[in-house]
Amino acid sequence: MTEDAYARAGVSQGDADASVAALVRGLAAAAPADSRQVLASGHYANVVRLDDRTGIALSTDGVGTKLLVAAQLGRWDTVGIDCVAMNVNDVVCVGAEPLAMVDYLAVDRADPEVAEAIGAGLGRGAELAGIEIVGGELAQLGEIVNGLDLAGACFGTVPLDALVTGAAIEPGDAVIGLPSSGLHSNGYTLARSALAGIPMEDDRLGRPLGEVLLEPTEIYVKPVVELLRSEVAVRGLAHITSGGLHNLLRLDAEVGYQIDDPLPVPEIFTLIQELAGVPDEEMHEVFNMGCGSCVVVSAADAGDALERLRAHYPLAQIIGRATGEAGSVTRA
């Protein structure tokens, strides 16, 4: 992977990966011998064993520099949806049903009007995900924060015998792609750098650029939970964020993936690539490129699964399959 464009914009994915690995090493030194942790680090969410039958799935995430677009436009009513989406879309990937979230809002100074708008977005996101926002924290950190940061943490429950880890995936299994609503909440440092010379009112994409950039992250929970409750045996679930379709490799299976019929790429990605001169490979490493979530099922279940998912996402399609080339994601 080349990180030239993203690194020039201010984000080094290599440094981020190394830092996460360092954090995990630091945590490992204090891990208790009788840990309740069920999964290894690196999945979309982790699961804590509550008893012999039930696990609690946990995840945390934030909105990132999409918040700078909201600040530029003075519009805060959608970023709460993003905060919910980035958390619940991870929790559902282990087969859990998200139940509740808490949020964390760090600000340089408290502004009730901004807080109310963010709260409205959080509430709308919770409604779309079928969860509750049960609490949170607002911290005034003017000496640290310039503007604001919004993050959250989500938990859900999952029967331990119904965990979806990807371990059951076999070569030949179908990969179904669910369309994204746009950039979601990843890659905004590069996107803003590429689009810096274009007014937010520019409508070359069919509507003002500012609206395109603030389009909320799609929340996939209800359709996926519905599929998990059906007769379809879901073998893997992947939230496609930073890292693109390589996120499929976070699933617990010694397989690779061949993507030969990808979902259409929204115009916003094409515009970013053209303006910043970003190579194809880097675009697919930084952005979702039109596919926000993947469902892996057996070839025999693919038709049934696709029919159920198309009831919610008419443009969902089989984008590829699992292969025997472990650790490899290739595109046609």
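Partly exposed describes a residue whose relative accessible area lies between the under 20% of buried residues and the over 50% of exposed ones. The legends below concern a predicted model.

**Figure 1. Leu58 in a nonpolar surface patch.** Leu58 is found in strand β2, which covers residues 54-62. Its relative accessible area is 41%, so Leu58 is partly exposed. Together with Val48, Leu99 and Phe155, Leu58 forms a nonpolar patch on the surface. The accessible area of the four residues together is about 280 Å².

**Figure 2. The whole chain, for orientation.** The chain contains 11 helices and 11 strands. Its radius of gyration is 19 Å, close to the 20 Å given by the globule rule for 332 residues, so the chain is as compact as a globular protein of that length. The C-alpha trace spans about 50 × 45 × 40 Å along its principal axes. Of the 332 residues, 48% are buried. The chain exposes about 15,200 Å², and carbon and sulfur atoms supply 50% of that area. Among contacts between residues at least 6 apart in sequence, 84% join residues at least 24 apart.

**Figure 3. Phe287 in the largest nonpolar core.** The largest nonpolar core has 97 residues, and Leu248 and Phe287 have the most contacts inside it. Helix α4 (residues 79-91) contributes the largest share of this core, 7 residues.

**Figure 4. Gly121 beside Gly80.** Gly121 is found in helix α5, which covers residues 112-129. With a relative accessibility of 0%, Gly121 counts as buried because the limit for that class is under 20%. Gly121 and Gly80 are 41 residues apart along the chain, and their C-alpha atoms are separated by 4.1 Å. Residues up to four places away in sequence not counted, Gly121 touches Asp77, Gly80 and Ile81.

**Figure 5. A salt bridge within helix α5.** The structure holds 11 salt bridges. One of them joins Arg124 to Glu127, with the closest N and O atoms 3.0 Å apart. Both residues lie in helix α5, and they are 3 residues apart, about one turn of the helix. Arg124 has 39% relative accessibility and counts as partly exposed.

Figure 6. Arg308 forms a salt bridge with Glu231, in which the closest N and O atoms are 2.8 Å apart. Arg308 lies in helix α11 (residues 302-310), while Glu231 lies in the loop between α8 (221-228) and β7 (234-239), so this pair ties together parts that are 77 residues apart in sequence. Arg308 also meets Asp304 in a salt bridge, at 3.0 Å from N to O. Asp304 and Arg308 both lie in helix α11, 4 residues apart, which is about one turn of the helix. At 28% relative accessibility, Arg308 is partly exposed. Asp304 is partly exposed at 30%, and Glu231 counts as exposed at 66%.

**Figure 7. A network of salt bridges around Glu170, Asp173 and Arg235.** Salt bridges link Glu170, Asp173 and Arg235 in a network.

Definitions and conventions:
Residues are numbered from 1 along each chain as its sequence is written. This is a predicted model: local features need pLDDT of at least 70, side-chain atom pairs count only at pLDDT 80 or more; totals for chains, interfaces and linings use all residues. Side-chain values use heavy atoms; hydrogens and water are left out. Patches are made of residues with over 30% relative accessible area and no salt bridge: like charges are joined within 9 Å, nonpolar side chains (Val, Leu, Ile, Met, Phe, Trp, Tyr) within 5 Å. Accessible areas come from the Shrake-Rupley method with a 1.4 Å probe; for residues, only the protein chains shown count as cover. A salt bridge is a side-chain nitrogen of Lys or Arg within 4 Å of a carboxyl oxygen of Asp or Glu. Helices (H or I, at least four residues) and strands (E, at least two) are DSSP runs, numbered from the N terminus. Buried means under 20% relative accessible area, exposed over 50%, partly exposed in between (1.4 Å probe, protein chains only). The radius of gyration is taken over C-alpha atoms; the globule rule is 2.2 Å times the number of residues to the power 0.38. Contact means heavy atoms within 4.5 Å. A nonpolar core is a set of buried Ala, Val, Leu, Ile, Met, Phe, Trp, Tyr and Cys residues joined through side-chain atoms within 4.5 Å.
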